[in-house]
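Biologist: I would like to take a close look at one helix in this model. Could you walk me through what you see, step by step?

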Amino acid sequence: MTPTIATHGPVTCLNVTGMGEPGGSEHITAIGALYTVAAALGAGTGPLEGQWWVEDERHGLEVPRDQWRWHLLLPLQEEPLQEEPQQEGALERARERSRAENPAVDRVRLATVAEGQCVELLHEGPFSEEHLSLKVMEEFMAEHGLVPNGLHHEIYLTALDDPSPRTLLRQPVRPAE
């Protein structure tokens with residue numbers, strides 16, 4: 001289990017921002033809204049992603065999960081939204097077509113994510129053991145003179161309910177000063 005350093009440029013995503021426990025009703029509703037809008041757009045997507053943070057002095061894993069904040073991201077693989085002025089129009093039309101199916105679609109926005117240099121590690125196993133992989137990443141960053149420079153990012157390579165989940169953990173970084 002060795003972290004790597006990678007650079008990530010801009011990616012256009014469907015996004016829903018919220019707060020609450022992973023797997024809780026708020027989180028599940030947001031995921032459904034992302035996939036509903038993506039289908040209405042006719043857009044191919046990458047795997048579901050999440051950026052996580054807490055607004056607390058404590059380490060994130062010490063904060064109750066219902067206080068965790070997140071951006072759920074669904075990267076667009078196809079570009080059905082060519083020009084900037086047309087993007088919001090296409091998104092709004094997709095929301096209109098799918099609103100009856102899922103009223104939460106109104107929370108879906110377009111976002112561009114550009115993280116730059118990142119430390120990454122593939123975590124294989126339950127989410128409850130992610131803290132072990134995060135510790136390996138923290139040690140790697142310290143050894144390489146790097147500090148966090150953005151939100152903790154997870155890319156879900158398997159379904160969230162998969163009994164053997166695989167998650168790419170990503171932390172944007174910058175040199176320590």
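Modeller: Happy to! Keep in mind that this is a predicted model. Let's pick helix α3, which runs over residues 130–143 and so has 14 residues by the DSSP assignment. From its first C-alpha to its last, α3 reaches 20 Å, close to the 20 Å expected at 1.5 Å a residue.

Now look at which side chains are hidden. Glu130, Ser133, Leu134, Met137, Phe140 and Met141 are the buried residues of α3. If you look down the axis of α3, these buried residues fall within an arc of 120 degrees, so they line one face of the helix. Turn to the other side of α3 and you will find Ala142 and Glu143, which are exposed.

What lies over the buried residues? Their cover includes the strands β1 (4–8), β6 (116–124), β7 (146–148), β8 (152–156) and β9 (166–175). After α3 ends, the chain goes on to Gly145, whose phi is positive, near 65 degrees.

You have met Leu134 already, as one of the buried residues of α3. Two or more lining residues come from each of α1 (25–41), β3 (49–53), α3 and β8. Among the contributors, α3 gives the most, with six residues.

Definitions and conventions
Residues are numbered from 1 along each chain as its sequence is written. This is a predicted model: local features need pLDDT of at least 70, side-chain atom pairs count only at pLDDT 80 or more; totals for chains, interfaces and linings use all residues. Side-chain values use heavy atoms; hydrogens and water are left out. Helices (H or I, at least four residues) and strands (E, at least two) are DSSP runs, numbered from the N terminus. The expected span of a helix is 1.5 Å times one less than its number of residues. Buried means under 20% relative accessible area, exposed over 50%, partly exposed in between (1.4 Å probe, protein chains only). The arc is that of the directions from the helix axis to the C-beta atoms. Contact means heavy atoms within 4.5 Å.
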